[in-house]
Amino acid sequence: EELELLAKREFALGGDPVFIDRVMREMHIFRRQVELGNQGRALARFHLAYRYVSNQSKTTLRPSFERYLEDIRSQSSGWFPGTVIKETSWIKLCLLALVFLQGIWVYSYLRKRRLLRLLLGILAINCVLLALAGIFQKISFSPNSVRPEIWGIWEAPEPRYFFASFTYKNHWCAYAVLGIGVLAGLVTYWLRRHPKDLLWRSPVPIALLGIGILAASAPLSGSVLGTLLMLTVSIPFVGYLCHKLLPKGWGWSRGLIGCLIAISLPAIGSWFVLEASPEIKRETLQKISDRWKSLQEGRLPWRYYHSKDSWTMFKDKPLWGWGLGSTAPLYPLYVSNEIIAQTEKQLAYAHHNERFWGLEYSHNDWFQYLAETGAVGVALLITGPLLALRRKRLSRSVTVWTFFACGALLLFSFVDFPSRTPACAIFFAVVLGSSLKYAAQRQIKEKRAKSSLPMCENDTLLG
């Protein structure tokens, strides 16, 4: 009420009507969200109104906003664990713990490598079936249809961005790349055990077909980053196949031809997939052209600013972070002025006065975890897998490709937020847990073989 009175007084004294209208609108939504009991959205609206005020050079509203803001900040100490909204943080923490438990259960209770391969094979089959359903979905999609986009059951937040049951195409690509890593590992395992059985009574052709379907789904989804992620995993695997299958008598040309095939086959395949869908091809090329033009004009991608803003949040509370789920209510305080300026320009002629500064997920999982859980939280996140990986010898078949896919996904998380999609997070945890256990079982098997060696030698001598 105090802020509303000050705003009305400033308007009466000749203040900027556009500025006052925006502040009053955000405060009205703030009050409505408070009445509905939605603390996160209410706080985000208050911070958004404050950003309008902080960007205005002459206004009488700033001292009052800063006083309220100081009261909010004083409740959170930078050197002790805390959270912006306790209920949200507890929910996020429970979900994160459940994701980790999936990998821990697999690591703890599956003791045979055959069972681990069976589990990975079932997950890969599920992934391929989802890809097939998503491809059919994309081909048959009609923008004029009144039915919900996802299986006719759920509406996609953005019709251009969904694929299969995923509302965001980048996250589908992350999921598909894990499937490619699993199938690549199983193919490599078979080729090492049965080097001469490539086609006859061999699952390799079906597995390679599955890899091709998953790889084709990335460009067909329309995701540029997802296609690059797919190529990152597919090119080395095609190179391995060339090294395995090309005749050794070709000499030095064998390596050169293998490299050419490894690079050109996935790239040309992606191009043919885009050619089969002119609308997706046009949109993809337009997106690449727009981003290149923006870089030439000195405008960096919004992902860069989201990462920078999350890093600024982290620096304000580096030890423990602001608490899980704190990005949404706090982001308007840290949003870059470049995003504000670009948003104002884009929405200058929009039929509404909404401003898209609210951000639940930064497009950088690592920086968001730093901002929300601090250095202590991120250290705890990575300690468990690193300790499990310590002194493990990677199998030259299954685990080398599953670990490679997991590593590619971790790098991808610097430019996107796949871990915020439960399907991606659980699939990653299960694949990582299975890979760690597979590597551990290989080490146990080798130790048993070595320990039985002296006994065999003694028996020979006694005989």
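Is Ser326 buried or exposed, and what is its relative accessibility? Ser326 counts as buried, because its relative accessibility is 1% and the cut-off for buried is under 20%. Keep in mind that this is a predicted model.

As for where to look, Ser326 sits in the loop that runs between helix H12 (302-316) and helix H13 (327-334). Leaving aside residues up to four places away in sequence, Ser326 touches Val84, Met313 and Glu372.

Now step back to the whole chain. There are 17 helices and zero strands here. Of the contacts between residues at least 6 apart in sequence, 75% join residues at least 24 apart. Two more overall values go with that picture:

| Property of the protein chain | Value |
|---|---|
| Buried share of the 463 residues | 46% |
| Accessible surface | about 25800 Å² |
| Share of that surface from carbon and sulfur atoms | 65% |

On to the inside. The largest nonpolar core has 64 residues, and Trp172, Tyr175, Leu214 and Phe237 have the most contacts inside it. Several helices each supply at least two residues of this core, among them H6 (113-140), H8 (204-221) and H17 (422-462). The top contributor is H7, with 16 residues.

Not counting residues up to four places away in sequence, Leu214 touches Cys127, Val128, Ala131, Trp172, Ala176, Gly179, Ile180 and Leu183. There's also a second, separate core, made of 26 residues, including Phe19, Ile20, Met27 and Leu370.

How values were computed. Residues numbered from 1 in each chain as written. Predicted model: local features only at pLDDT ≥ 70, side-chain atom pairs only at ≥ 80, totals over all residues. Heavy atoms only, no water. Helix = DSSP H or I, 4+ residues; strand = E, 2+ residues; numbered from the N terminus. Buried < 20%, exposed > 50% of the residue type's maximum accessible area, 1.4 Å probe, protein only. Contact = heavy atoms within 4.5 Å. Areas by Shrake-Rupley, 256 points an atom, 1.4 Å probe, with all protein chains shown as cover. Core = buried A, V, L, I, M, F, W, Y, C linked by side-chain atoms within 4.5 Å.
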